[in-house]
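Student: Could we go through this model together, one question at a time?
Tutor: Gladly; let us look at it first.

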Number of protein chains: 2
Amino acid sequence: MTNTQEQNDLANAIRSLAMDAVEKANSGHPGLPMGCADIATVLFTKVMKFDPADPHWPDRDRFILSAGHGSMLLYSSLYLLGYEDMTIDEIKNFRQLNHKTAGHPEYGHATGIETTTGPLGQGLANSVGFAVAEAKLAAEFGSDLVDHHTWVLAGDGCLMEGVSQEAISLAGHLRLNKLTVIWDNNSITIDGAVSNADSTDQVARFKAVGWHTIEIDGHDQAAVEAALLEAKQADRPTLIAARTTIGYGAPKKAGTEKVHGNPLGAEELAAAKENLGITYPAFEIPTETLAKWRAAGTRSQNLRGEWQARLAASSKKAEFERRMAGTLPEGFAAAMDAHKKKLAEDKPKVATRKSSQMALEVINKVVPETVAGSADLTHSNLTNTPETLPFTASDRTGRYMMYGIREHEMAAAMNGIALHGGYIPYGGTFLVFTDYARPSIRLSAIMGQRVVYVMTHDSIGLGEDGPTHQPVEHLTALRAIPGMTVFRPADAMETAECWQLALEHQGPSILALSRQNLPAVRTEYTAENKSALGAYTLAGAADADVVIFATGSEVAIAVDGMKLLNDQGISARVVSVPSMELFARQSDAYRAEVFGKARARVAIEAGIEMSWGKFLGEKGRFVGMHSFGASGPIADLYEHFGLTPKAVVEAATAQL
Amino acid sequence: MTNTQEQNDLANAIRSLAMDAVEKANSGHPGLPMGCADIATVLFTKVMKFDPADPHWPDRDRFILSAGHGSMLLYSSLYLLGYEDMTIDEIKNFRQLNHKTAGHPEYGHATGIETTTGPLGQGLANSVGFAVAEAKLAAEFGSDLVDHHTWVLAGDGCLMEGVSQEAISLAGHLRLNKLTVIWDNNSITIDGAVSNADSTDQVARFKAVGWHTIEIDGHDQAAVEAALLEAKQADRPTLIAARTTIGYGAPKKAGTEKVHGNPLGAEELAAAKENLGITYPAFEIPTETLAKWRAAGTRSQNLRGEWQARLAASSKKAEFERRMAGTLPEGFAAAMDAHKKKLAEDKPKVATRKSSQMALEVINKVVPETVAGSADLTHSNLTNTPETLPFTASDRTGRYMMYGIREHEMAAAMNGIALHGGYIPYGGTFLVFTDYARPSIRLSAIMGQRVVYVMTHDSIGLGEDGPTHQPVEHLTALRAIPGMTVFRPADAMETAECWQLALEHQGPSILALSRQNLPAVRTEYTAENKSALGAYTLAGAADADVVIFATGSEVAIAVDGMKLLNDQGISARVVSVPSMELFARQSDAYRAEVFGKARARVAIEAGIEMSWGKFLGEKGRFVGMHSFGASGPIADLYEHFGLTPKAVVEAATAQL
């Protein structure tokens with residue numbers, strides 16, 4: 001510990017704001033900001049490239065607070081650095097409704113928050129995506145436009161979560177040298193000593209996946225600076241294991257779990273300030289200290305000016321700006337329209353996973369910003385096209401991420417890629433394995449990121465792999481996530497439309513796609529994107545007595561059921577429901593029209609009933625799954641579980 | 001490779017059955033059984049302790065095929081060893097409906113299948129629970145009754161999944177020396193070479209978490225045997241890194257991804273058999289080879305006989321048998337009844353997480369088989385009681401698992417503990433983090449295991465931690481899982497009843513519990529467990545015009561809403577719904593009674609509406625969440641999101 005008074009003053013500014021804000025809120029986590037204040041001080045005032053005057057500067061370094069509970073570390077730093085929207089009033093209103101200073105950092109609440117964190121491990125897992133996007137963008141646009149670093153601060157909790165292994169093994173494999181993880185090695189978790197629950201040699205663990213590692217005293221600012229600069233030069237991702245004291249400065253509680261997630265209390269707070277030499281009132285940083293922080297905030301203004309000049313002079317300016325703005329290229333809509341015309345001619349009878357690949361063959365040609373990938377199921381998910389050569393340690397131009405058997409990291413990395421900007425990530429696995437990725441899928445939705453989940457093998461229709469591989473509850477569980485759009489297209493035409501919608505809208509999408517071949521049910525070209533309606537009448541008369549709702553692979557069964565009903569002299573109509581969420585956004589009049597005057601309502605879907613309440617009302621009947629699936633050939637399974645035209649007929653006639 | 005002809009014959013019996021079964025099914029994974037046949041031969045014929053004549057023998061070694069897609073390795077071995085229910089007819093009907101030989105091993109389908117596997121990493125993660133249960137049971141009943149080993153066969157996919165890190169770091173920390181993982185190190189995944197997606201030094205990785213490691217040629221049966229015997233003697237868990245060739249024996253496809261998940265095809269199959277020296281017809285193992293396998297199956301009969309004699313002579317016989325049968329101790333029901341009487345007197349106003357701890361203080365005293373735990377949130381989840389000292393590397397008598405920040409492994413380990421038998425596991429985290437554990441939670445349900453998830457901080461009621469920590473969709477997403485029972489008790493009385501139900505029934509349960517204090521709404525003692533009805537009238541007249549359904553923390557709000565309606569001269573009734581699943585199992589008559597003749601139906605729950613369809617019907621109104629939550633004090637949030645008595649009144653009057 002050889003810090004100068006000035007170094008301590010700068011760090012104590014973070015500590016005092018954090019202690020005061022948590023105390024005022026009577027809620028929050030002072031331990032990490034106090035323990036990591038030296039690290040943050042060096043990182044923000046000496047090493048990182050950014051400019052509070054242009055917080056969205058594309059070539060800024062990114063900082064990710066993976067240990068999101070330490071949010072006051074970030075908020076304090078942003079205020080001290082001079083981010084305009086992070087006022088002292090926001091700091092004072094930490095954890096209050098309608099303020100930017102939420103309990104955990106929320107993306108979009110304030111500038112300088114690069115990603116939403118809090119669920120442990122997620123920031124670290126995101127960061128891999130940030131670093132991938134940087135490397136790809138640099139390969140595409142040159143290092144004169146793209147050359148920045150991703151810095152992560154992670155705690156023991158982040159490193160214990162399984163997703164951390166997926167993240168660091170992928171980052172090590174891809175040699176993401178511009179990624180640095182600083183581990184707040186404070187030996188404390190909520191339940192007490194880390195040694196109660198873990199004995200991992202973290203440095204050895206990171207070495208085993210190809211990382212450069214550095215061990216330092218996290219309170220020695222000179223050591224921190226040297227480590228950060230060494231990390232910037234590494235040819236691999238770097239772990240800086242920084243030994244710290246949680247709640248540094250608190251005389252009684254420092255180094256214990258007591259300071260992790262509770263206010264210090266008036267007495268300990270006063271004693272901590274005295275201990276640290278903080279003599280100024282709550283929330284009032286001395287002018288001189290604040291001025292030094294603010295000056296540090298302007299460090300990169302010149303760099304940004306030079307960068308802007310380079311961009312202005314670049315032949316790639318327009319494309320770079322389009323990519324960072326996230327606007328789709330001209331020609332995209334026309335290409336999709338042409339594809340729809342071709343489908344109307346060809347009427348292909350293929351699995352919707354194949355339909356998805358056919359759509360991607362159009363998309364990847366005209367949309368250079370897609371970043372494809374799969375969690376080791378490429379030839380099942382059909383997420384590849386001729387354009388998607390692999391992104392590797394030696395070739396950053398590749399557009400295909402070989403995520404490995406890491407569904408969770410795939411989703412987290414896609415969030416990072418989308419958040420970084422410049423790319424639209426999509427990735428595949430089996431629908432049932434959305435369970436593995438759910439924490440990151442939820443964050444796609446919370447952050448409203450354009451991430452496309454290509455989830456194939458979407459029902460018992462996958463056949464012999466059996467119940468562990470057959471999604472039953474997953475459509476419901478995914479529709480349940482606020483802000484998520486779940487698409488289940490019925491054929492190649494709907495798949496094309498759903499892909500277009502997924503790329504055109506600004507939140508995450510799930511495409512649930514069949515393993516099995518499906519007949520074309522939309523055989524005519526329409527300029528209108530019918531799937532955008534969420535639900536629409538596919539066949540039958542508007543005044544039919546029976547309305548049959550169906551999605552995906554069950555739409556063709558519904559049509560067969562309709563024909564059987566017609567044979568019995570009962571008028572019926574089939575409504576395809578590619579997206580419940582889009583349907584919910586339609587006008588009351590349109591929705592009433594879709595329901596029509598039918599006396600009987602049936603819904604058929606190879607999943608559970610739960611999400612169909614609004615469609616079925618009181619008397620409607622559901623034909624679907626009521627249990628887990630089973631292992632067997634698809635035809636046997638559909639018969640066994642009663643997903644048949646006959647069952648549709650029985651459900652309808654029982655009501656009439 | 002110095003295998004004898006006999007060794008090869010034994011291994012080729014597995015290979016031939018696997019090739020033939022996959023070929024006949026025209027579906028499945030021949031690569032692993034062919035590649036791991038030497039390992040399985042040694043493990044089953046030389047090392048493992050088990051007896052096909054008593055497949056449930058409590059002191060048997062457990063074998064877990066974590067790479068569940070290689071199911072034919074297990075089925076072939078079980079048939080060859082003489083497990084009676086694994087007939088050649090079952091082998092011939094691999095992957096067919098209503099047969100025991102599902103695509104992936106399904107627990108309960110055939111004896112010898114210790115756990116359901118297929119979702120990668122799960123078997124490995126389970127195995128930690130098996131080893132914990134063994135160590136605890138040995139500490140409790142002595143090594144003369146309990147002394148067995150847990151063997152896991154895992155592939156690259158298992159090791160790439162994040163949950164594997166949680167599993168191995170916990171196992172290493174706990175020094176579970178009777179756990180051995182054999183890694184089928186074949187360098188191939190579905191998308192091709194492992195090196196496409198991963199560069200992990202697995203041996204170094206396992207060493208970093210405290211494992212003993214051995215590296216061998218997995219086709220050298222002598223080397224395999226030496227390694228397995230060495231592992232049995234280790235003082236730590238052991239990784240055996242066994243270099244193998246996937247699809248060993250197939251002349252063109254061995255060593256490639258082509259043999260992973262597809263039938264060989266007639267030509268390659270014939271060539272493989274020729275290559276391996278297999279001259280017998282499909283499904284017809286030569287008598288001599290089969291006889292050797294069957295003899296190996298009887299190896300441990302004497303050991304079992306001796307064990308039975310020791311059990312018969314043991315003073316602990318009755319308790320051991322009760323524990324392995326899973327019957328609750330006498331006195332449990334009476335203790336819970338007494339607790340309910342006390343609650344009726346005390347009428348405590350506490351959070352339901354605290355109510356849960358109060359119930360546990362009764363339960364853990366009279367039910368010695370509970371194994372408590374938390375994913376590093378003990379003092380938030382309140383899963384501890386005076387009885388629950390930690391289970392550690394040096395003290396196997398402990399009843400508290402310090403799972404660390406490993407929600408996924410906690411769930412997987414609990415599955416393993418329950419499957420092993422002798423214990424009832426329960427474990428805590430925040431409800432929102434069920435997302436992290438969902439693949440294992442689903443397996444609890446598929447396997448119908450008695451695992452109790454103590455999920456606290458169950459809504460926006462947790463306040464300041466904000467949207468990343470506030471469950472909104474989780475009640476729906478969990479209710480969606482077939483076979484899961486979700487409890488959301490309203491006060492201490494219901495919490496006691498729900499705990500009793502969770503322990504008395506044979507599947508998994510989720511207890512969704514509040515962070516915030518709640519008033520007692522059930523203030524009278526009833527001998528009947530009202531929560532067992534799933535839903536019941538808590539207050540108001542049977543013929544009320546308005547029925548208000550509510551769960552958990554919203555029941556008290558519903559009661560306040562009812563009173564406001566009464567003040568306006570509108571008769572209303574409150575139905576508490578501690579479990580939708582239990583309500584669905586009641587008689588039509590009872591359910592009709594609960595709905596009554598109300599002209600208006602309202603449901604209030606601090607989650608989304610999706611699971612309420614059956615309660616609300618066409619016209620009912622829902623008061624709840626329609627978005628993610630926010631960071632702020634609880635009172636502000638309930639007001640902001642409109643979860644108030646006034647909102648209940650408005651919803652009711654709008655309908656009337």
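Student: How much area do chain A and chain B bury between them?
Tutor: This is a predicted model, in which local features need pLDDT of at least 70 and side-chain atom pairs count only at pLDDT 80 or more, while totals for chains, interfaces and linings use all residues. Residues are numbered from 1 along each chain as its sequence is written, chains are lettered from A and ligands numbered from 1 in the order in which they are written, and side-chain values use heavy atoms, with hydrogens and water left out. Buried area is the accessible area (1.4 Å probe) that two parts lose on being put together, summed over both. Carbon and sulfur atoms carry 57% of it here, and the total is about 7600 Å².

Student: Why do the copies meet through the same surface?
Tutor: Contact means heavy atoms within 4.5 Å, and 94 residues from chain A and 94 residues from chain B take part. The copies meet through the same surface because the interface residues of chain A are also interface residues in chain B, and the share is 100%.

Student: How many salt bridges does the rule find across the interface of chain A and chain B?
Tutor: The rule asks for a side-chain nitrogen of Lys or Arg within 4 Å of a carboxyl oxygen of Asp or Glu. One such pair is A:Glu618 with B:Arg601, whose closest N and O atoms are 3.5 Å apart. Across the interface the number is twelve.

Student: Which helix gives the largest share of the side of chain A that touches chain B?
Tutor: Helices are DSSP runs (H or I, at least four residues), numbered from the N terminus. Several of them each supply at least two residues to that side, including α8 (162-173) and α18 (407-420). The largest share is eight residues, from α19(A).

Student: Which parts of chain A does the pair A:Arg304 and A:Asp51 tie together?
Tutor: Their side chains meet in a salt bridge, 2.7 Å from N to O. The parts are 253 residues apart in sequence, because A:Arg304 lies in helix α13 (residues 301-313) and A:Asp51 in the loop between α3 (37-47) and β1 (62-65).
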